[in-house]
Amino acid sequence: MKKLSGYLNDYYAHTGNASTVSRQASFAGIALVWVFNTKAGNEIILPIELLMPVLWLVISLGLDLLQYISSALIWGAFHRIKEKQLGANTDVEVTAPSFLNWPALIFFWGKLIAVLIGYAYLLIYVDNAIKFSATS
């Protein structure tokens, strides 16, 4: 058994790790797509089947950025408003409306879903593109 605040700390640790892993997975997926490129003269060509995985992985990175931008804007504004109302005393306890977290949560879950969709498309492509043989 532990304090409720301990579970909140667990939540923060897990969501922070999920953000880091999803960002790394998006970059790794884009790098994997790059492996399948071919060159025709000065042009780099990727199979059209890789458009969807790359699109979803880039969307995931965009949502990752939006999560942090929205959080910075919302919580910076909230702090400034409260600072004007209450003065410079930062030790005053205040309650924030829960809806202030909604944009960040939407972007957080959106980026995780986007990276999973991107990897689903990527795995389908890899499954069709690479054939393994047990014989040598």
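This is a predicted model: local features need pLDDT of at least 70, side-chain atom pairs count only at pLDDT 80 or more; totals for chains, interfaces and linings use all residues.

Reader: How many residues apart are R80 and E83 in helix 2?

Author: They are three residues apart, so about one helical turn separates them.

Reader: And is R80 buried, partly exposed or exposed?

Author: R80 is partly exposed, at 44% relative accessibility. E83 also counts as partly exposed, at 26%.

Reader: Nice. How many salt bridges turn up in the whole structure?

Author: Four. Among them is R23 with D64, whose closest N and O atoms are 2.5 Å apart. That pair connects helix 1 to helix 2 across 41 residues.

Reader: What else does D64 form a salt bridge with?

Author: K111, at 2.6 Å between the closest N and O atoms. Through shared partners, R23, D64 and K111 make one network.

Reader: Switching topic: at what angle do helix 1 and helix 3 pack?

Author: About 35°, with the axes 10 Å apart, and the crossing is left-handed. By class, 13 nonpolar, five polar and one charged residues make up that contact.

Reader: Last one, S26. Why does S26 count as buried?

Author: Its relative accessibility is 0%, and the cut-off for buried is under 20%. The S26 side chain also has a polar contact of 3.3 Å with that of S60.

Key:
Residues are numbered from 1 along each chain as its sequence is written. Side-chain values use heavy atoms; hydrogens and water are left out. Buried means under 20% relative accessible area, exposed over 50%, partly exposed in between (1.4 Å probe, protein chains only). A polar contact is a pair of N or O atoms within 3.5 Å; within protein, one must be able to donate a hydrogen and the other to accept it, and residues adjacent in sequence count only if both atoms are side-chain atoms. Axes are lines fitted to C-alpha atoms, for helices over the stretch in contact, and angles run from 0 to 180 degrees between N-to-C directions. Helices (H or I, at least four residues) and strands (E, at least two) are DSSP runs, numbered from the N terminus. A crossing is left-handed if the near helix is turned anticlockwise from the far one by less than a right angle, and right-handed if clockwise. Ala, Val, Leu, Ile, Met, Phe, Trp, Tyr, Cys and Pro count as nonpolar, Asp, Glu, Lys and Arg as charged, and the others, Gly among them, as polar. A salt bridge is a side-chain nitrogen of Lys or Arg within 4 Å of a carboxyl oxygen of Asp or Glu.
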